[in-house]
Every structure is written in structure tokens, then in C-alpha cells.
Amino acid sequence: MEGRPSLAFLDGAGMSTPSGIPDFRGQEGLAQVARRYGLSYETLLSIGELDEDPATFFDFYWNFLVHEGAIPNRAHRAVASYRGPVRVITQNIDGLHQKAGSEKVVELHGSILRNHCRSCGESYALDEIPHRGIPRCPKCGGIIRPDIVLYGEGLDYEVLAEAEQILEESEVLIVAGTSLRVYPAAGLIYSSRARAKILVNAEPTPLDSFFDAFVQGDVASILPEVLQ
Ligand code: NAD
């Protein structure tokens, strides 16, 4: 752990595309798939959709958001094996950083691995509920929902504050695999006091000029080199 600067690693869906999980706005992203439903993905993944049409919400959710066989890729493993203090702030909901061995992970948008009944509040792990249709609580019959932040819902204040603190304290910032178009997550970068700020992404973002360096390409190729 000695000698390496403290690292804040902030990422998004592009981090998990090499694990076979589509992103939203990339070239093969879920924005295209959502059109088959005649709705935008913002609508499909909104609290309004869950309230009004849970069958459609869960059809999209189980088919396109939950990828049970997905395993961490080289980029997740590179972060987990960084030889210095590292804290991860992720927009992803797939739990792959923890599976790769990262211990300090702030999940801005929650996790598909955790679920709760909307009626009685009972908690359920992902493998305790059926992975199709509308999951019902065995105790009360209420609808079980994933502990993820849906469109139309706010982020947890304490989670945001923790992310801001990590960014304020860390010497190096690496942002990877995110379009930097989803707020408030994207705006968090302005809390950084890092002496080096690096962006790794397949395509330019609206916030490129904030960074000292923009490395364009695949996170699974670039991060193992950058974090060596
Ligand atoms: P986004 O889809 O808006 O942007 C992803 C970015 O990553 C794009 O700019 C794309 O070009 C880039 N990218 C894709 N594959 C890459 C690769 N291999 N290497 C480098 N760059 C790559 O995603 P976002 O910025 O995270 O914001 C969208 C929201 O999507 C987030 O809130 C997140 O919760 C949610 N989401 C999460 C998952 C997941 O958990 N894996 C999957 C889809 C969407």
C-alpha cells in the first residue's frame, strides 16, 4: 500500500460492457432495445412505470438489466488490485466491483442484488426471488422491487455525501466508462481536489475539458495499464 497515491475511481455502465452488460448510451446500448417497447429507457426504468405498469417494468428489468452470469472483467480486477488506497464510486447496479474484490464501493444508484417488499419492507437477496414477472413477497403478497434508484427518484443524501468526501480526499481521480450525462453523478467530479484527473472512455463526453488527460478506448485494455 506504501507509495501509491490514494485513488478515487468513479465509473459507469461502460465499465461492465466487457462483462456482457449493455450500457445505456453506447453504440449497442439499451436506448435501442427500449424502442421495442415503444418507450424510452428513462420511462421504462421510472418509478411511475413501476407504479402504473409493473408487468412492463419487470419485463424490461429482468430481460435487460439483470445479467446473472456476468463476471468481473479485467477493468474491475485492475481496480481491485491497485497497490494503494482505492475507493470506488460507481453508478453501476451490477455488484461487479465487489465480486472482483474491491472492498470500498459506494453505489450511487443502488444494487440489483438487494431488494425489498414495497408493502411490508422485508428484504430479499436477488437469488431469493423469481427472475421473471412481478416478484411477490411471500409474507404479504406485496410487490418486491430492486433497491436501485429509478428515474423520478432522488439519490440517497448520505451516499452522495460519502462520494463527495472520497473525491475531496483522494490524490488521484480516474473516471471511466461513463457518458457523464447523468446527474447528480456526473457533477460529483467537481468535488475532486485530485492533483491528477484522468478520464478513460470509448468516446468523448461533455466534461472532457475538466480532466488533465482523456484516454479514449476500452476500459478493459487501458485500466490494467494505467493502474499497474
Ligand atoms: P451511459 O450508457 O450513459 O454511458 C456509458 C459510456 O461508456 C458511453 O460513453 C460509452 O461510449 C462508454 N463505454 C461503453 N463501453 C466501454 C468500454 N468497454 N470502455 C470504455 N468506455 C465504454 O452510462 P452511465 O454514464 O453509467 O449512465 C447511465 C446510467 O446507466 C447509470 O445511472 C447506471 O446506473 C445505469 N446502468 C448501469 C448498468 C450496470 O450496472 N452495468 C448498465 C446499464 C445502465
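Ser6 lies in the segment before β1. In this predicted model, Ser6 is buried, with a relative accessible area of 15%. The cut-off for buried is under 20%, so Ser6 qualifies at 15%. Beyond its neighbours within four places in sequence, Ser6 is in contact with Pro85, Glu169, Ser170, Glu171 and Val172.

Next comes strand β1, residues 7-11, which holds Phe9. Phe9 is buried too, and its relative accessible area is 0%. What does Phe9 touch, not counting residues up to four places away in sequence? The list runs Met15, Val79, Arg87, Val88, Ile89, His97, Ile174, Ala176 and Leu223. Take Arg87 from that list. Phe9 and Arg87 are 78 residues apart along the chain, yet 6.2 Å separates their C-alpha atoms.

Move on to helix α4, residues 54-65. Is this helix largely enclosed or open? It is largely enclosed by the rest of the structure, because nine of its twelve residues are buried. Those buried residues are Pro54, Thr56, Phe57, Phe58, Phe60, Tyr61, Trp62, Phe64 and Leu65. An α-helix has 3.6 residues a turn, so residues three or four places apart point the same way. What do the buried residues of α4 pack against? Helices and strands both take part. The helices are α1 (30-34), α2 (41-44) and α3 (47-52). The strands are β4 (110-117) and β6 (144-148).

Now to the loop between β7 (172-176) and β8 (196-201), where Ser191 sits. Start with the backbone. Most residues other than glycine have a negative phi, and most peptide bonds are trans. Leu180 is not a glycine, but its phi is positive, at about 50°. The side of accessibility is plain: Leu180 counts as buried at 2% relative accessibility. Further along, the peptide bond from Tyr183 to Pro184 is cis, with omega near 10°.

Ser191 is the last stop in this loop. Is Ser191 buried or exposed? It is buried, with a relative accessible area of 12%. Setting aside residues up to four places away in sequence, Ser191 touches Glu164, Leu167 and Glu168. Tyr157 gives another reference point: from C-alpha to C-alpha, Ser191 and Tyr157 are 15 Å apart in space, and they are 34 residues apart in sequence.

How values were computed
Residues are numbered from 1 along each chain as its sequence is written. This is a predicted model: local features need pLDDT of at least 70, side-chain atom pairs count only at pLDDT 80 or more; totals for chains, interfaces and linings use all residues. Side-chain values use heavy atoms; hydrogens and water are left out. Buried means under 20% relative accessible area, exposed over 50%, partly exposed in between (1.4 Å probe, protein chains only). Helices (H or I, at least four residues) and strands (E, at least two) are DSSP runs, numbered from the N terminus. Contact means heavy atoms within 4.5 Å.
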